[in-house]
Amino acid sequence: MDQLLQFLISGLTVGSIYALVALGFSIIYNASDVVNFAQGEFVMIGAMSAIFLMKAGLSYPFAALLAIAITAGVGLALEKFAIEPAKNATVVSTIIITIGASIFLRGAALLIWGKEIYGLPPFTSNNPIKIGNATILPQNLWVMMGTAVTVLAVKYFFDRTRMGKAILACSYNKKAAYLVGIDVKKMLLVAYGLSAALGSAAGLLVTPITFMSYGAGVMLGLKGFCAAILGGMGNSMGAVLGGILLGIVETVGAGFISSGYKDAIAFFVILLVLFVKPSGILGKGETERV
Amino acid sequence: MKRLAGFAIFAAVCLLLPVIFPDNYYVTVVGLTIFLNITLAVSLNLLMGYAGQISLGHAAFFGLGAYSSAILTIKYGLNPWLAMILGAVLVICLSYVLSRPILRLKGHYLAMATLGLGIIVHIFFVQADELTGGPDGITGLPTLSLFGVAIDSDIKWYFVLCSYMLLSVLFSLNIADSRAGRALSAVHGSEIAAQMMGIDTAKVKSHIFVFSALMAALAGSLFAHQQDFVSPESFSFFFSIELVTMVVLGGLGSTFGAVLGAFILSILPEVLIVFEDFEVLVFGLILMVIMIFLPEGLFVSLKNRAAMMLSKRGIGS
């Protein structure tokens, strides 16, 4: 029982990170119908920038904010220089473009930061807190709280602000949004910037626990995609739920079965869910127009 | 025979190259990789280009073929050809069982499922170390021999892999012009419309999935014998992505597009070595630029452009 509680704590932590990545996925997917395979690279760039800004002598909070801004800038550049020029590309072509972008960003990270593995100090003290026989690190709490606040802020942004609603309008129908006077191009840019910022936030939260290197974004990105699919592609809150579920299932599975098969368990669960319900847990079935 | 004129020229060039340049590194060493990649890209194109079903896990079948050969010949001492056939049977069964539930999915969900399948198989290769040798893999496969001739040199492998590649290209070209090929493109166009025409779409998709997996598995067995070594590295998620990139880069749905895409992506790392540390970055950049400016793929875009120029001059019809 204590073991299960411990797994749940770890699972919830990992799951929060997947949730943020998946939320970024679904924001871009909603705004532009693109599955962004460079999403994991945002996580890596956010964390690596913060690490090196701190090495350059900046204070922790300032380095973190600047790192988020840098990553958001990368997101904007991705939209501006890779997605916008290819607006008539098919789904498969856009997948290849974002894969190209992720390879490009990894290559750039390798050049700038090298192959070494780095860490960030925890946000606050590192003394474990006891809950029964399970322990929880303050950084685990930071990850969960940070994710919760970010998700609520994003939800507020899409539900209550003019700009959030405008982006949603673009996701339903770009032409109609354009006709009612929404600057579609600008909204796409905002969506990419926001999504990149979410990725970098995930990177900042998780690096004190798991460390970071130039190639660490790939698996995080894939898990984010997994989570977004699990929740139903294009459903933002579904993506968050999917991320948390995936984190818990994966950690509990790894704990009770085998840690070497951790990633396999995650993908196995996804396959099972898709075989039973082909459009994800919260997804609506699509109908094909003939 | 005008239909296969392009194939005849292609085959002649491939078979003559080692005769003209017998000791060229690019022909006899890089050439082998290129032929394997062409075979894999052509097999993936059957599924993606003809039937319109994306697969991000094709390397799994390639790997299953390779590991079946390695395990069955070394651990169980089977004859290499028998091992290859058993590997093929295993892949046929596995892909057939998986084909119906997987191909029921569409778009991004299908991409996710095939991606997951590829990653699970790769993790199995890494983790099941009693069977697969873990991350270190397996070395020391027996030499393959054909009609009593041992295939033990680069030049012999060149002709073996070249023949298999040419067979797969020929098969792919022929299927496009057959009843099965037309059924596939109907499925690609619109599944519901294809059903209305009386096509059993689930069966058509499942058959091409199995066939494509089988071609990849046989290529895997040949790869294992040629390299004399298998390790999980060769069958990772990245290789699946590379295969998809080959198909799309050349031009989805065109056999020679897949051939060109595989050729470029195989030769590119050799050429990009001059960039040293910038290699990865330049590779990503090239991918993006080609897909942004030639979204139909290199081969298809260039062919259309050439056809337009010819018709302007009044040569084409």
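Predicted model: local features only at pLDDT ≥ 70, side-chain atom pairs only at ≥ 80, totals over all residues.
## Exercises on a two-chain model

Residues are numbered from 1 along each chain as its sequence is written, and chains are lettered from A in the order in which they are written.

**Exercise 1.** Determine which secondary structure chain A has and how its radius of gyration relates to the globule rule.

*Solution.* Begin with the DSSP runs, where helices are H or I runs of at least four residues and strands are E runs of at least two, numbered from the N terminus: chain A comes to eleven helices and two strands. Along the sequence these elements follow the pattern α-α-α-α-β-β-α-α-α-α-α-α-α.

**Exercise 2.** Describe the side of chain A that touches chain B, by element and by residue class.

*Solution.* Counting as contacts those residue pairs whose C-beta atoms, placed from the backbone, lie within 7 Å, the contact takes 40 residues from chain A and 35 residues from chain B. On the side of chain A, the elements that give two or more residues are α4 (91-113), α9 (217-231) and α11 (262-276), and α4(A) gives the most, with 15 residues. With Ala, Val, Leu, Ile, Met, Phe, Trp, Tyr, Cys and Pro counted as nonpolar, Asp, Glu, Lys and Arg as charged, and the others, Gly among them, as polar, this side divides into 30 nonpolar, seven polar and three charged residues.

**Exercise 3.** Work out how α1(B) and α7(B) are oriented to each other.

*Solution.* With axes fitted to C-alpha atoms over the stretch in contact, and angles running from 0 to 180 degrees between N-to-C directions, α1 (residues 5-20) and α7 (residues 154-176) of chain B pack at about 175°, their axes 10 Å apart. Angles under 35 degrees count as roughly parallel, over 145 as roughly antiparallel, 65 to 115 as roughly perpendicular and the rest as oblique; α1(B) and α7(B) are therefore roughly antiparallel. The residues of this contact divide into twelve nonpolar, no polar and no charged, including Phe7(B) in α1(B) and Tyr158(B) in α7(B).

Methods. Rg over C-alpha atoms; globule rule 2.2 N^0.38 Å. Contact = placed C-beta atoms within 7 Å.
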